[in-house]
Structures are given as structure tokens and as C-alpha cells.
Amino acid sequence: MTDETGRPGAVRGIRNGPRPERWRTAAEAALYGPGGFYLRPEGPAGHFRTSVHASPLFAAAVARLLAATAGRLGTDEVALVDIGAGRGELLTGILAALPGVLTERLAVQPYAVERAPRPPGLDPRIEWRAEPPAGVSGLVFANEWLDNVPVDIAETDADGTVWYVLVRPDGSEEPGEPVDGPDAEWLERWWPQAGPGSRAEIGRPRDEAWAAAVATLERGLAVAVDYAHVRDARPPFGTLTGFRAGREVPPVPDGSCDLTAHVALDACAQPGAVLLSQREALHSLGVSGSRPPLSLATTDPAAYVRALSAAGEAAELTARGGLGDFGWLMQPVGIEPPDLGPRSRAPGLDLKASATAGAVTSGPLRDCRP
């Protein structure tokens with residue numbers, strides 16, 4: 001939509017009120033500023049559900065990935081760093097799953113990286129930090145973190161000029177200045193605009209955030225899991241949206257809702273990275289939606305019910321058109337990545353080939369069930 005000058009981002013609502021800001025600045029304050037969405041006591045689980053909340057099978061799979069990473073490292077002492085840890089749910093699940101996963105003793109030092117305060121009652125083994133520890137060896141895991149790294153929004157006008165979109169706390173928008181410098185270079189390389197009215201999320205801050213996370217590893221594996229898209233399949237109007245209390249809502253940067261957008265994981269990747277879908281990753285890590293044999297219902301009814309429940313949870317985690325379409329970006333540092341089956345290996349930064357290979361698709365919106 002355009003204003004009277006032909007520039008994009010027609011205002012939704014009134015022009016009076018606080019001065020508009022770029023989306024990145026507004027979202028940063030709304031999510032992480034005083035009283036921000038992610039600093040609230042109820043935590044994100046009070047508003048939406050991720051794979052971590054869907055089933056303990058997800059944490060068990062990450063525990064197996066941690067064990068495989070330790071095997072590549074050739075050590076029995078590893079760090080486990082959860083970036084965007086929420087309230088520590090994933091780390092709690094991994095620590096609970098490890099005794100059933102490991103055949104040998106593995107000393108694990110878990111770190112939760114989160115801006116919110118440490119929640120009460122958390123396992124004392126978990127070290128709570130605002131920033132990732134530096135110089136560790138092990139597994140860095142970021143589940144649905146990058147989508148909440150705030151980014152600027154760009155929109156193209158009728159003349160083909162790309163402008164920053166400005167927003168007020170009530171969600172009304174208007175055009176700002178033309179996109180230039182590194183942001184313009186990023187768009188040209190990773191998200192070429194499709195024509196008048198097209199929008200894009202400028203993912204450069206996410207590339208930088210991910211590079212900083214990977215740099216904390218001395219040796220090991222860094223994994224980012226998010227709903228994602230690749231260069232040859234970018235959505236023409238962007239993906240920015242909001243979530244509140246289990247429902248998708250308009251993205252309003254007033255602190256009342258989550259603000260999230262799909263991640264250009266191919267742009268985040270560094271040389272040697274591997275891209276694959278969650279469905280492929282979890283299948284390779286032993287999560288299968290196969291139903292148990294009916295004969296088990298006769299010989300051990302209780303075991304059959306448990307296995308049937310687990311199969312249903314596994315099917316949800318790996319479903320096409322759902323959580324199974326999430327992207328997994330695996331970045332090895334000083335090791336060969338664990339073998340997780342079909343994948344697209346990145347010889348360099350440009351992973352455009354992975355789009356045609358189907359390694360990562362335009363994934364689903366965040367599961368908004370509380």
C-alpha cells in the first residue's frame with residue numbers, strides 16, 4: 001500500500017501520537033525493553049507452543065545429538081548452550097533424557113542464555129546467563145531464537161524504490177528513508193524485491209547474531225531451528241506477525257504480543273553449514289511417527305498405549321505442513337557434523353542450491369496453541 005506520495009506503507013490508523021520508528025527499534029523495545037513481552041513472568045509458553053512443549057521426544061532427540069557431538073569431539077566433557085532458553089524447558093528435558101541416551105558417562109555443563117531472570121525451581125546444574133559463554137566445546141542449540149531477533153522491514157514503491165517501513169506503538173505504519181548501505185546490499189543478495197508493494201524482512205541482524213553465537217564455540221556444533229525460507233522461495237509480502245494468548249494477532253509493537261518473522265537461514269549459514277528440515281533431522285535422531293504393531297495391544301496393552309501416544313507426538317513434530325517443515329541450520333566448528341541423513345552441504349555462504357533441493361521450505365507459522 002502507498003501514501004499520497006506513492007511511497008509504501010500506508011498508515012493504518014491515525015498519524016497523531018508517538019513518533020514512528022523503524023521496526024527493528026520498535027520490536028527491540030516491545031520484546032526486550034522494560035515490561036517487554038519476553039521479560040514477563042509467564043514466559044513465552046504462556047502464549048504459544050514450540051517443539052519443546054509439544055513432546056519430550058524433541059528434548060530426547062537433542063540429547064542424542066549432544067551425545068553424537070561429544071563423539072565427534074572425542075571427549076567426555078561437553079558444554080550444552082541453549083540460546084533463547086525461555087524458562088529452561090529444553091535444558092530440563094535434555095538433562096532428564098540423557099540417562100536413557102548415553103551408554104557411557106558424559107559430563108555435561110548446561111547453560112541457559114536468556115534475557116529474562118532465572119525462573120524459580122530450575123535445576124541447579126543449569127547456569128543462567130544473559131550472554132553465551134565463550135570458548136566452550138560442545139553443542140550450541142537455538143530453538144526459535146533467531147525469529148525473535150528484531151529486523152527492519154522494507155517495502156517497494158511504484159517506482160521501484162525500496163523504503164524502510166516505520167511503525168508506531170499502535171501498529172500504524174508509514175514510509176521512512178530509502179534503504180541503503182549494508183541493508184540494501186543484503187536485500188540485493190538475499191531477498192531481491194518482487195515489485196511494487198513487495199515487503200521483506202532485512203535479516204542482516206540475524207546473520208550477525210548467529211555468527212556471534214557460532215564464534216563462542218572453540219569446537220563443536222551450533223544448531224539453529226526455526227521456521228524458515230530460502231532465497232528462491234522468499235514470501236513476496238514478508239512474514240511478520242504477532243502472537244498473544246494462543247492466537248495469531250496483528251503485529252503491534254506495544255509489548256502486548258510476540259513479534260516474529262520467518263528466518264532466512266541460508267543467509268545466516270557460514271562455510272561448511274548443513275541445512276535440512278526438522279522432519280529429516282528428527283527422523284535421523286530416532287523420532288519416528290510409525291504406529292506400534294497391533295500385536296503389542298494384545299501382549300502388553302499398557303506398552304501399546306504408551307507407544308501409540310509417542311507415535312502421535314512424533315508425527316506432530318515431523319508433520320509436513322507443520323513442525324516438520326522447520327529448518328535446521330547445523331554449523332560445525334572444528335569437527336565433522338554428525339551424520340543426519342539427507343542434507344544440503346554448503347560449500348560457501350551462498351546456499352541457493354538448497355532451495356531447489358528442498359532442504360528448507362517456507363515453514364508454518366508458529367504453533368500458537370498454549
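**Close-up 1. Cysteine C268 is tucked away in this predicted model.** C268 has a relative accessible area of 3%. The cut-off for buried is under 20%, so C268 counts as buried. Now look for C257: its relative accessibility is 0%, so C257 counts as buried too. What about disulfides? A disulfide is a covalent bond between the sulfur atoms of two cysteines. To be counted here, a pair of cysteine sulfur atoms has to lie within 2.5 Å, and by this rule the count of disulfides is zero.

**Close-up 2. G286 sits out in the open, in a loop.** Find helix α8 (278-284) and helix α9 (295-299); G286 is in the loop between them. Is G286 buried or exposed? Its relative accessible area is 56%, and since exposed means over 50%, G286 is exposed. Then pick out A60, which is 226 residues away from G286 along the chain.

**Close-up 3. Three strands make an open sheet.** Going across the sheet, you meet the strands in the order β12-β11-β13, and the pairing is antiparallel. Which strands are at the edges? They are β12 (247-249) and β13, each of which pairs on one side only. From one strand to the next, the twist averages 35 degrees. In general, strands of a sheet pair through backbone hydrogen bonds, either parallel or antiparallel.

**Close-up 4. Here is the pairing of β11 with β12.** Strand β11 covers residues 241-244, and it pairs with β12 in the antiparallel sense. How many bridges are there between β11 and β12? There are three bridges. One spot to look for is R244, whose bridge partner in β12 is R247.

**Close-up 5. This is the largest cavity in the structure.** The structure holds three cavities of 30 Å³ or more, and the largest cavity has a volume of about 90 Å³. Which residues are closest to its centre? Of the 14 residues that line the largest cavity, those are A27, P150, V151, L240 and L259.

**Close-up 6. Now for the lining of that largest cavity, piece by piece.** Helix α1 (23-32) and strand β13 (258-260) each supply at least two residues of the lining. Helix α1 gives the most, with three residues. What kinds of residue make up the lining? By class, ten are nonpolar, two are polar and two are charged.

Terms used: Residues numbered from 1 in each chain as written. Predicted model: local features only at pLDDT ≥ 70, side-chain atom pairs only at ≥ 80, totals over all residues. Heavy atoms only, no water. 1 Å grid on protein atoms, 1.4 Å probe; cavity = no way out; pocket = protein on both sides within 12 Å on 5 of 7 lines; lining within 4 Å. Points joined across faces, edges and corners; volume = space filled by probe spheres on them. Helix = DSSP H or I, 4+ residues; strand = E, 2+ residues; numbered from the N terminus. Nonpolar A, V, L, I, M, F, W, Y, C, P; charged D, E, K, R; others polar. Buried < 20%, exposed > 50% of the residue type's maximum accessible area, 1.4 Å probe, protein only. Pairing = 2+ DSSP bridges. Axes fitted to C-alpha atoms, helices over the stretch in contact; angles between N-to-C directions.
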